[in-house]
Amino acid sequence: MWWVVFLPYAFQALLMFVDEFYFHYRRGLPRWEKIGHPLDTLTVIGCFVFLFRIPPSPVNLILYGACVVVSSLFVTKDEFVHSDHCAPGEQWVHALLFLIHPIVLVLPVALWPALHMGEAHLPSAWVPHVPFYAFFLRGLLGFLVMYGLYQTIYWNWIWRGTVQTPKK
């Protein structure tokens, strides 16, 4: 059952895929979203970079917790105007994304020491395949960087459609 730690990431990826490639492509993104969505991704990248670059300690755990809170609140910034631009289905997907967001950022804390001392130094009953999970997190960080670049480049320089406001 060690693989269950990957389920939140798979669920988030599925939701992001639906949000991006169904809802966003369908309605287009106004300027504030073209800027805001890459910034959302940047807050997540910042959290993961923190884990990889800063060694675990009680103070750093508090700082990382603050990063998670800031990222979790930051991604909700658009919801005040999304009610005017998004269909109810897209708003529901956003709500699910807001629920899963802090979970995918908190899960890696359990393996934070392994990222700095070497995977062999961290026995774990709930994730026996620590080296693979650490490898997964590194790959996830790389994917997030590529996704942030895609969001920035595609929506700001390639996409030429018109923004559609759903009929309520």
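In what order do the elements of the protein run from the N terminus on? They run α-α-α-α-α-α-α, and the count is seven helices and zero strands. Helices (H or I, at least four residues) and strands (E, at least two) are DSSP runs, numbered from the N terminus. This is a predicted model, in which local features need pLDDT of at least 70 and side-chain atom pairs count only at pLDDT 80 or more, while totals for chains, interfaces and linings use all residues. Residues are numbered from 1 along each chain as its sequence is written, and side-chain values use heavy atoms, with hydrogens and water left out.

**The whole protein**

- Of the 168 residues in the protein, 41% are buried (under 20% relative accessible area, with exposed over 50% and partly exposed in between; 1.4 Å probe, protein chains only).
- Take the contacts (heavy atoms within 4.5 Å) between residues at least 6 apart in sequence: 80% of them join residues at least 24 apart.

**The largest pocket**

- The largest pocket holds about 620 Å³ of space, and among its 28 lining residues Q12, M16, T41, L97 and Y147 are the closest to its centre.
- A pocket is found on a 1 Å grid over the protein atoms alone, as an open set of points where a 1.4 Å probe fits, with protein on both sides within 12 Å along at least five of seven lines; lining residues have an atom within 4 Å of a point.
- Grid points are joined across faces, edges and corners, and a volume is the space filled by probe spheres set on the points.
- Helices α1 (7-27), α2 (31-53), α4 (79-85), α5 (88-106) and α7 (130-158) each supply at least two residues of this lining, and α1 gives the most, with nine residues.

**H94, in helix α5**

- H94 sits in helix α5 and counts as buried because its relative accessibility is 4%.
- Beyond its neighbours within four places in sequence, H94 is in contact with D19, H24, E79, H82 and C86.
- H94 and D19 are 75 residues apart in sequence, with 7.8 Å from C-alpha to C-alpha.

**Y150, in helix α7**

- Y150 belongs to helix α7 and counts as partly exposed, because its relative accessibility is 21%.
- Leaving aside neighbours within four places in sequence, Y150 is in contact with E20, F21, Y25 and W155.
- The C-alpha atoms of Y150 and P38 are 8.7 Å apart, although 112 residues separate the two along the chain.
- The side chains of Y150 and E20 are joined by a polar contact of 2.6 Å (a pair of N or O atoms within 3.5 Å; within protein, one must be able to donate a hydrogen and the other to accept it, and residues adjacent in sequence count only if both atoms are side-chain atoms).
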